[in-house]
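Here is a short briefing for a reader who is meeting this structure for the first time. It begins with the overall fold and then takes up the pockets, a surface patch and a loop.

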Amino acid sequence: MATAVPALTCDAIPYDNEMDTNKNSLYDRESTYQKVFGARSGRRLDPSLAKQGREKEHRQMEEFQVFDRALENFAKGKRVRGKWVDDERYNDDGRESVRSRFVAMQFAWDVRGDTIAGTPPLAAFRLVVSFASSLYSTGIGYDGALALYDVPVAFFHAHIDEDIYVAPPKGEEPEGIVYQLKRALYGTRRASLLFQNLIVEVMEKGGFARIKVTVQVYYNKERLLM
């Protein structure tokens with residue numbers, strides 16, 4: 001269980017130009033948009049697009065309450081650094097944009113058995129396709145269908161179960177502020193497993209049974225859904 005520390009709300013942190021600007025203050029979020037490079041392309045990204053991408057990620061983290069801002073001096077749990085991963089992408093209309101992810105840098109220094117999340121094999125996909133095709137061909141009055149869905153910011157849906165503090169990059173926050181995680185953040189070692197466990201809980205509440213021979217495949221007998 002995470003240990004509670006003195007938390008700061010957004011209103012308690014000065015986000016305006018009146019903040020102390022002496023040489024020890026590194027808080028200047030606007031300047032961080034000026035030198036952003038694509039993670040894959042290595043190309044310098046448009047500052048205005050980088051700002052939009054990072055602000056969107058900030059809004060999503062606030063919406064899901066991914067972390068509480070806390071004073072570094074009170075942080076007693078695991079401490080890791082945070083960083084931005086940005087890259088260019090193109091919208092459906094061909095316009096360029098920047099997708100930004102704030103990630104924790106929790107490296108695997110030790111071997112742990114509580115961080116692995118299974119991925120369905122190709123055989124599982126074939127099983128689903130065969131199931132839908134069989135429903136259609138049996139003539140039972142049910143039109144089999146295949147659908148593909150995406151879960152935006154998937155890990156944010158899962159609660160973190162470790163006491164982890166992330167130090168934001170220079171310029172993101174006033175000095176002495178760290179993020180006490182409340183949700184699984186990209187880059188934390190248990191994020192995938194925590195999201196997988198959440199999926200199990202949600203699917204079972206929806207009347208689905210987990211197939212034992214492969215991971216992350218569920219079947220609802222009453223609704224003929226897989």
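The secondary structure of the chain comes to four helices and eight strands, and, read from the N terminus on, these elements run in the order β-α-α-β-β-β-α-β-β-α-β-β. The model is a predicted one. Of the 226 residues that make up the chain, 38% count as buried.

**The largest pocket**

- The largest pocket has a volume of about 1,400 Å³, and the elements that give two or more residues to its lining are α3 and α4, the latter spanning residues 191-205.
- Of these elements, α4 gives the most to the lining of the largest pocket, contributing seven residues.
- In total, 39 residues line the largest pocket, and those that lie nearest its centre are A147, Y149, M203, Q216 and M226.
- Sorted by class, the lining of the largest pocket is made up of 30 nonpolar residues, seven polar residues and two charged residues.

**The second largest pocket**

- The second largest pocket has a volume of about 430 Å³, and the elements that give two or more residues to its lining are α2, covering residues 47-63, and β4, covering residues 96-104.
- Its lining consists of 19 residues, of which K56, R89, S97, V98 and R99 lie nearest the centre of this second largest pocket.
- By class, the lining of the second largest pocket holds six nonpolar, six polar and seven charged residues.

- L122, F125, V129 and L146 together make a nonpolar surface patch of about 400 Å².

- G207 has its place in the loop between α4 and β7, the latter being the strand of residues 209-210.
- With a relative accessible area of 45%, G207 is neither under the 20% limit for buried nor over the 50% limit for exposed, and it is therefore classed as partly exposed.
- Although G207 and Y219 are 12 residues apart along the chain, their C-alpha atoms are separated by 8.5 Å.

Terms used: Residues are numbered from 1 along each chain as its sequence is written. This is a predicted model: local features need pLDDT of at least 70, side-chain atom pairs count only at pLDDT 80 or more; totals for chains, interfaces and linings use all residues. Side-chain values use heavy atoms; hydrogens and water are left out. Patches are made of residues with over 30% relative accessible area and no salt bridge: like charges are joined within 9 Å, nonpolar side chains (Val, Leu, Ile, Met, Phe, Trp, Tyr) within 5 Å. Accessible areas come from the Shrake-Rupley method with a 1.4 Å probe; for residues, only the protein chains shown count as cover. A salt bridge is a side-chain nitrogen of Lys or Arg within 4 Å of a carboxyl oxygen of Asp or Glu. On a 1 Å grid over the protein atoms alone, a cavity is a set of points where a 1.4 Å probe fits but cannot get out, and a pocket is an open set with protein on both sides within 12 Å along at least five of seven lines; lining residues have an atom within 4 Å of a point. Grid points are joined across faces, edges and corners, and a volume is the space filled by probe spheres set on the points. Ala, Val, Leu, Ile, Met, Phe, Trp, Tyr, Cys and Pro count as nonpolar, Asp, Glu, Lys and Arg as charged, and the others, Gly among them, as polar. Buried means under 20% relative accessible area, exposed over 50%, partly exposed in between (1.4 Å probe, protein chains only).
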